Amino acid sequence: MYSVASKKPSAHNDSIWSVAWQHSARDDCSYVVTGSVDDKVKCWQWKGDDLVLRHTCEGHQLGVVSVVINHSGTVCASSSLDCFVRLWDLESGKQIKAINAGPAELWTLAFSPDGRFLASGSHTGKINLFGVESGQRETSIDTRGKFIMSVAYSPDARLLACGAVDGQVNLFDMSTGRLLHTLTGHSMPVRSLAFSADSKMLTTASDDGYVKVYDVQSADLSVSLSTHSSWVLGVQFHPDNQHFATCSSDKTVKVWSLSSKQCVHTFQEHSEQVWGLAYNDKGDKLVSVSDDGSAIVYDCPL
């Protein structure tokens, strides 16, 4: 049954804007990383049904906007309002590299599936691709649109999706850099988007209160749900490709079934808006973070 597995009421001293979860084969640890307005990145280990703090990573001078973990679970990247991307070794907690992205050139991050690149949206409507090894901006994709608030790679590495402040979503072919589809279903900012594990579907979350699921190949709208009573701030696909989770400024976390197009459970554990969420590799756990400074892990039945 759906239930609360663990709760960290004061995971940070301020609002938590982002969270990521990944298993590392290198040291056989399940890592949860959180990024906060308190300028800190914290690395936690999921151990014995609890979040155990491993490292507090300091270096950012302004709030942390986004945290992501590479597929192998060895490196975390964080972006901040200070215009820097910082790379951290998850086992040691030490900073590997700092990348100065420049003013207005940085927002949320996404690792490429092979871990070689970091994509980030920008205020200028471009997607910047930074080399993890080089620490440099390798190239940019001009969407010819507005502020890019969200980015996501498809797990098969073929596609890159981005969501903009005006509600527009673009899909790019990463082998050519060519624009494949423009999705115009939202009327307000798209703060989060996520591909299914099989790379066949894309789900988008918006301030308009809707979550939409698209067929990636045809760009057809498969599902449109009015999911929350306020802005939808985050969305994550379950590894089974049949469920997804959403979080909102209405303070709730919801789990949805694609087949029934219904909400199967609502968590109401946070006291402020919920900015981010992430499934573990198996999909039997879900973590959420909030303006209330807490991180909560839920049991999710498979």
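Predicted model: local features only at pLDDT ≥ 70, side-chain atom pairs only at ≥ 80, totals over all residues.

Residues are numbered from 1 along each chain as its sequence is written, and side-chain values use heavy atoms, with hydrogens and water left out.

Q: How many helices and strands does the chain have, and what makes a run count as one or the other?
A: Helices are DSSP runs of H or I with at least four residues, strands are runs of E with at least two, and both are numbered from the N terminus. By that rule the chain has zero helices and 28 strands.

Q: Why does the radius of gyration of the chain agree with that of a compact globule?
A: The radius is taken over C-alpha atoms, and the globule rule is 2.2 Å times the number of residues to the power 0.38. For 302 residues the rule gives a value near 19 Å; the chain has 17 Å, and therefore the two agree. The C-alpha atoms fill a box of roughly 45 × 45 × 30 Å along the principal axes.

Q: Why is threonine 143 called buried?
A: Buried means under 20% relative accessible area, exposed means over 50%, and partly exposed lies in between (1.4 Å probe, protein chains only). Threonine 143 has 10% relative accessibility and therefore counts as buried. This residue lies in the loop between β13 (137–142) and β14. Of the 302 residues of the chain, 59% are likewise counted as buried.

Q: Which residues are in contact with threonine 143, leaving aside its neighbours within four places in sequence?
A: Contact means heavy atoms within 4.5 Å. The partners of threonine 143 are Gly125, Ile127, Ile148, Cys162, Asn170 and Phe172.

Q: What makes β14 mostly covered?
A: In strand β14 (residues 148–153), six of its six residues are buried.

Q: How do you know that β14 and β15 pair?
A: Two strands pair if DSSP finds at least two bridges between them. Five bridges join β14 to β15 (residues 159–164), and the two run antiparallel. Valine 151 stands opposite cysteine 162 in β15. The two strands form a hairpin with five residues between them, and alanine 157 in the turn has a positive phi of about 70°.

Q: What joins β8 to β9?
A: Five bridges join strand β8 (residues 84–89) to strand β9 (residues 95–100), and these strands run antiparallel. Leucine 87 has lysine 97 in β9 as its bridge partner. In the turn of this hairpin, glycine 93 has a positive phi of about 80°.
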